[in-house]
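Trainee: Can you walk me through this one? I'd like to start with the sheet.
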Amino acid sequence: MSEERFGEFVLVRRHDYVAELVLDRPKAMNAVSTDMARSIAGACAALAADRDARVVVLTSSHERAFCVGADLKERNSFSDADLVRQRPVARAAYTGVLELPMPTIAAVHGFALGGGFELALSCDVIVADRTAVVGLPEVSVGVIPGGGGTQLLPRRVGAARAAELIFTARRLEAPEAAGLGLVDRLVGEGRDREEALELASRMAANSPVGLRAAKRALRLGHGLDLRAGLEVEDAAWRSVAFSADRAEGVAAFNEKRPPHWPGE
């Protein structure tokens with residue numbers, strides 16, 4: 001396993017073809033400061049360009065929190081001009097995770113609030129342990145979810161339920177969050193990272209070309225009518241149908257052996 005640090009607060013660990021993106025600001029429960037946001041964006045840019053990274057797992061180094069959201073202590077010192085300048089830096093962190101071209105899994109325990117939950121929502125799958133507490137409480141401090149929450153949450157749970165959760169600013173404990181679909185897999189206490197990495201390894205055994213094309217079709221097709229969505233799917237299929245991975249997959253199946261993916 002190799003490690004690479006991006007700034008002071010973000011670490012990337014390599015587990016073969018799985019990359020673990022670690023939020024590593026434990027003294028602040030991973031509150032996202034300007035520096036940390038910049039580091040998240042930088043790590044995501046590096047991972048997006050890495051053909052050996054087939055799946056990314058987003059984890060936390062803090063025992064009691066995934067991420068508590070924006071660094072409000074830092075924000076309290078900002079002038080209006082400072083806030084304007086910070087906005088694109090903050091957005092780049094959330095869109096960096098959201099736009100990763102490979103499958104992404106969030107491993108959540110403890111508090112995942114505001115921007116912290118938005119980082120998880122930016123992933124394709126959320127694995128949470130029984131200590132998880134999630135929510136988008138931004139209206140309680142005079143703002144709105146600005147890291148994708150107003151768009152990502154309704155895509156998961158529907159417009160009315162998302163409205164209720166955002167307008168009340170309420171926090172949900174893990175069982176209720178799982179029941180409502182805010183998280184996808186509920187696991188035993190302390191097992192979120194282990195289960196997420198295991199799931200990622202199962203995904204990473206598949207064609208990296210296929211994984212990226214399938215994610216592209218899922219993301220681009222969401223919200224389109226069926227006819228338009230099927231055209232998106234067809235374009236994604238054509239992008240892989242003549243690939244070296246497709247040829248290797250068919251050959252490996254017929255020869256009854258594990259595939260050795262060229263990744264192209």
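Mentor: A term comes before the sheet: two strands pair if DSSP finds at least two bridges between them. Strands (E, at least two residues) and helices (H or I, at least four) are DSSP runs, numbered from the N terminus. This is a predicted model: local features need pLDDT of at least 70, side-chain atom pairs count only at pLDDT 80 or more, and totals for chains, interfaces and linings use all residues. Residues are numbered from 1 along each chain as its sequence is written, and side-chain values use heavy atoms, without hydrogens and water.
Trainee: Which residue in β8 is the bridge partner of isoleucine 105?
Mentor: Valine 125. Strands β6 (residues 104–108) and β8 (residues 125–129) run parallel, joined by four bridges.
Trainee: What's the strand order in the open sheet?
Mentor: β1-β2-β3-β4-β6-β8-β11, seven strands with mixed pairing. At the edges, β1 (2–6) and β11 (185–187) each pair on one side only.
Trainee: New topic. At what angle do the axes of α5 and α6 cross?
Mentor: Roughly 130 degrees, and the axes come within 7 Å. Axes are lines fitted to C-alpha atoms, for helices over the stretch in contact; angles run from 0 to 180 degrees between N-to-C directions.
Trainee: So what do we call α5 and α6: parallel or oblique?
Mentor: Oblique, therefore. Under 35 degrees is roughly parallel, over 145 roughly antiparallel, 65 to 115 roughly perpendicular, and the rest oblique.
Trainee: Which residues in α5 meet α6?
Mentor: Gly149, Thr150, Leu153, Pro154 and Val157. Their partners in α6 include Leu165 and Ile166. Contact means heavy atoms within 4.5 Å.
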